[in-house]
Amino acid sequence: MQNNNIAWVSPVRKSGLAFFIIGFFVFVGMLFSNQYTLTEQTLSSSVNNSTHRQLIQPHLSEFMDKTVSNKFSFIEGVRGTFTRYNDTVYDRYHLSTNDLDAILKEVNTLGYYDLNILKHVFNTQDDYAAYKIKKLSDYTGWLAGQQGKSIDEISQVLNEKSAEINTNVVGEKRIDSYATGQYLYAIVKSASSGTVANNTGIFFIFSVLLATIGALMYIIPEKFAAPAGIKNNNVFKNSATNGGFIGMLVMTFLVLVYIALYFFPEYIVEWVSLVDPLFVVLNGNGASSWSIYGFIYTLAIVVMGVRMFIKYRHSNYHIARTGSIIFFQSCFAFLLPELLIKLNQPSTDLKNMWPLDYDFFDAWNLDSLSSSGDIGMFMLVWGITLFVIGVPVFTYFFGKRWYCSWVCGCGGLAETAGDPYRHLSNKSVSAWRLERVVIHSVLVLCIIMTSTALYTYFTGVKTIAGIDTYSLRSAYGFFISALFSGIIGTGFYPKLGSRVWCRFGCPLAAYIGLIQRYKSRFRITTNGSQCISCGNCSTYCEMGIDVRAYAQRGEDIVRASCVGCGVCSSVCPRGVLKLENGSTDVVVDQSKKNETANIVQIISAEELKSLKK
Amino acid sequence: MSKLVIIGNGISGVTVARHVRKRSDMDILIISAETEHFFSRTALMYIFMGHMKFEHTKPYEDHFWKKNRIDLKQAYVNNIDTDSKELTLSSGEKLDYTQLVLATGSQSNKFGWPGQDLPGVQTLFSYQDLEQMEINCVNAKHAVLVGGGLIGVEMAEMLLSRGIAVTFLVREDRFWGNILPVGEEKLIQKHAELHGINFKFETELKEIKAGDDGRVSSIVTSTGETIPCDFVGLSAGVHPNIDLAAKSHIDVGRGILVNDFLETNICDVYAVGDCAEIVVPEGRNRIEPLWYTGKMQGETLAKTITGDQTKYERGIWFNSAKFFDIEYQTYGFVFNEPLEGISSFYWQHPEEDICIRINYQDDTQVVTGVNTFGIRMRHNIWQNWLANNCTLKYVLQNLRDANFDPEFFKRYEQDIISAFNKQYPNNQLTLSPLQWLTKRFSKEKAHAK
């Protein structure tokens, strides 16, 4: 059956899979194999705001100089400290009725209001006392030493002023949640002290490197195992690719990773430290939690891109497209931004544009770009030009695919790492109806959110119709970016397919899609009569387009959601589908159709036949 | 209210139903014993190989039928009484009709080999056959296929995908010898062998033998060879399924006899698709067991049924298939043996599995047919060339227009025309100038509804 010189394929692939699984478990396991030691030094390097540091340090005494192995108890312990501190900050710092009573009692004794009273009343020699003394001194100092004031007058003044002081207590003494998040992350990272912290190189080799090599050992031998062609055997029988058990496991893992990245980055500091050295080389500073994401993301696209090269080695279209994706991801999304940081320039992914890059018009970004010299200005103009001019022009000539399956990072991951799942997209008409409503709603939402943010930026007016523009912006960031695009969009690959975000959420896709649907030369033309309605095209369409419905009627496919991945054309067993920019006229030149060539017959058909017998 | 009953829910019957519904409000009922809903038979192999699930092969979502007021009934029709216009189902239920369409499809050929009904021996045509194949392949290691046609190749691909060894018995001296000329056939054969098929040409099945467990354990060939196997696929072609019609007053031959309007000898009774035998007064009757022709026949019949009597005219012949990884398309007529008055220009790529054969008339050089392997062609271009009687020179020089391969694929038109120029050096044919630039800016065509 199969020739023997490919007997090496199976053992190599099995070993590769084993390596990958080992690497994966080391990668996950290292999160739980570290130790944490909080010291004076680590605390001061993590909580760089000295006011905050002084406020929180006393409360962290139980952790000082102790080595904790249980990550969960360490992190939650520190987090709990911050929370309890914040919860009780009002209790500790506000001027209570007891406090005022004590002051008035002393005033009664003394006969007048004097600031020394405060030192007697607030005598605990801590920050609370110091704060109350300072505040009352500032607010009521003018009353001190004045004779002839009645108790009632003094009481009234004290009540008024302490009310004022109390309203500011939380604002001045509370550590806001953004800062808390930053500190917590920094504390865990710098307190990281044990096995993993001291052996990051080895952990990198046995997790990332081993898993990558294993994956390639699993992927590459297929090239030698069978002739080139469509390779979809067992897609719907394998629980990894048919939404079954293994797929659910992968999904669970991905969702947890996304939740950690967005909301609990302190839990993955070990992963960040893995790539710290690399990022120091790239950007001069080091890695953040988003660095590990960018790194793994790019690595996934490269490795799974290799898989696409091999799987579709018979199709130059897929090779070109995958090459493009790998290039744009590794250069534009990964390397260039890091390099720009190193060169002290504003840093951005130049292929990312509004409305996908929803914070492009944020105040901090506009300010940063417009004040960072020529490069900043270029980025600002480039970003605007891309979506105002670039999108319509490129989409007119090439369709949505120029961006969505050749350039975009989301699309890039979907086409490479998401390829094993593309057939899981929902094909029903009801999904399509939902898609049209949701994706255009997100676009409208994004436009509203951005216009209000710009309005605030230019006029300084912070609320419109009672809604704070900043909270609109942060709600968008949470629901659309974190939940929709991240957790559901990528986390749910193994269950819902590779393009949930692209199909239901991406506002840029909505924009480009409208142009593709109404004003683009791109279409998928059909050899309709040759269609046998087998259903491969619809099954493998990652956008859930019922390609077959068009093919069997001989209709061109001009759909807003088509990203031009070209897989429908590849899996079609009868050559019914062709992606093209424009279509070919069927015109026979009547003046030329009868021209003959100079053909000399050497032997007749009969002779030919008898020769063959 | 006029009631149309269609027996059979394959492409032919369903196409009749759909097009009748587009043109009329009459009651429509489709009866099938095979499945509840219409599915694409051509996709059975992909279900087996795990490329798709059964529901993916249904061209219309289940709510489509109710939405279009086409009733479905899964039942077996036992008897047709054309006098009282009444059908009897196997349950005993009786159904009446105003007009009746028989779309009963094909049955696989079984030529009376000893042992052909043993467990482990089967044909492949229906959904039930697919289910049976799943069961039969559970522990199979070595399969023998009998009959080298398209169903055989599909079964071979299915079996190989499960790691089951395949020996292919072919009666002719080459694979699909009654359709493919020698050049193309060699290409396909080599490719199939690369995938693991073991061909035995000019070999027929003589006997199928059972083992101790009562299941097939070996076969004996016409050359006296005994081949151990645990699965036998009978892929020796199909014949029209006429059992039901034969029991009634409807005239049958090899198939259900119909005229050019697809009418049977009985008023208001029609036949369409695989089961229909179209009577050709001075010539050979036509049976068209193809997906494409079933669709075309169905569309035509719907017109006749709704009062616009229309002759079935197939137009220019075309067909396509896929042999493992090689796609095949044909337009016009290409015969398997050289024909008097027709010449052939054949080009094959030196390494890749790609070839093209263009047949043309000796005297006028008008192109009569094309076979293409490994190069996708634009159907409407070839249709136009053939309908307009374009010459070989015209076709070769404009070959680029016919290319339907995806972008960035290597193009062979230059190689083809150079090979022609080399073969007939008194010509120096050139490809018509590239219209690349003008195409960029020509008005876009929109066919989307």
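Mentor: Gln365(B) has a relative accessible area of 6%, so it counts as buried, the cut-off being under 20%. The model is a predicted one, and what follows should be read with that in mind. Gln365(B) sits in a loop of chain B, between strand β25 (355–361) and strand β26 (367–373). What draws attention to Gln365(B) is a positive phi of about 60° in a residue that is not a glycine. As background, most residues other than glycine have a negative phi, and most peptide bonds are trans.

Chain B has another such residue in Trp176(B), where phi is positive at about 50° although the residue is not a glycine. Trp176(B) belongs to the loop that runs between β11 (165–169) and α6 (182–195) of chain B. Its relative accessibility is 9%, so Trp176(B) counts as buried.

Trp354(A) and Pro355(A) are joined by a cis peptide bond, with omega at about 0°. Pro355(A) is placed in the loop between α16 and α17 (363–370) of chain A.

The loop between α15 and α16 (316–342) of chain A holds Arg313(A). Leaving aside residues up to four places away in sequence, Arg313(A) touches Glu222(A), Lys223(A), Ala226(A), Pro227(A), Ala228(A), Met308(A) and Ile319(A).

Next come the charged pairs. Side chains of opposite charge can pair when their charged atoms come close. Over all chains, a search of the whole structure finds 48 salt bridges. In chain B, Glu34(B) is paired with Arg41(B), their closest N and O atoms lying 3.0 Å apart. Glu34(B) has 15% relative accessibility and so counts as buried, whereas Arg41(B), at 22%, counts as partly exposed.

Arg314(B) forms a salt bridge with Glu288(B), and here the closest N and O atoms are 2.8 Å apart. This pair links distant parts of the chain, 26 residues apart: Arg314(B) is in the loop between α8 (291–305) and β22 (318–323) of chain B, and Glu288(B) is in the loop between β21 (286–287) and α8. Arg314(B) counts as buried at 18% relative accessibility, and Glu288(B) is buried with a relative accessible area of 4%. In chain A, salt bridges with shared partners join Arg307(A), Lys311(A), Arg321(A), Glu415(A), Asp419(A), Arg422(A), Arg499(A) and Glu542(A) into one network.

One link in this network is the salt bridge between Arg422(A) and Asp419(A), with 2.8 Å between the closest N and O atoms. The relative accessible area of Arg422(A) is 1%, so Arg422(A) is buried. Asp419(A), at 3% relative accessibility, counts as buried.

In α4 (127–136) of chain B, the buried residues are Tyr127(B), Asp129(B), Leu130(B), Met133(B) and Asn136(B). Their cover includes α2 (44–48), β9 (121–122), α5 (150–161) and β16 (231–234) of chain B.

Val9(A), Gly16(A), Gly23(A) and Phe27(A) are its buried residues. Viewed down the helix axis, the buried residues of α1(A) fall within an arc of 60°, so they line one face of the helix. That face packs against α11 (200–219), α12 (222–225), α14 (269–283) and α15 (289–311) of chain A. Lys14(A) and Phe25(A), on the other side of α1(A), are exposed.

Together with Leu17(A), Phe20(A), Ile21(A) and Tyr218(A), Phe25(A) forms a nonpolar patch with about 470 Å² of accessible area. Helix α1 (9–29) gives the most to this patch, with four residues. Ile21(A), which lies in helix α1, has 38% relative accessibility and so counts as partly exposed.

Definitions and conventions. Residues are numbered from 1 along each chain as its sequence is written. Chains are lettered from A and ligands numbered from 1 in the order in which they are written. This is a predicted model: local features need pLDDT of at least 70, side-chain atom pairs count only at pLDDT 80 or more; totals for chains, interfaces and linings use all residues. Side-chain values use heavy atoms; hydrogens and water are left out. Patches are made of residues with over 30% relative accessible area and no salt bridge: like charges are joined within 9 Å, nonpolar side chains (Val, Leu, Ile, Met, Phe, Trp, Tyr) within 5 Å. Accessible areas come from the Shrake-Rupley method with a 1.4 Å probe; for residues, only the protein chains shown count as cover. A salt bridge is a side-chain nitrogen of Lys or Arg within 4 Å of a carboxyl oxygen of Asp or Glu. Helices (H or I, at least four residues) and strands (E, at least two) are DSSP runs, numbered from the N terminus. Buried means under 20% relative accessible area, exposed over 50%, partly exposed in between (1.4 Å probe, protein chains only). The arc is that of the directions from the helix axis to the C-beta atoms. Contact means heavy atoms within 4.5 Å.
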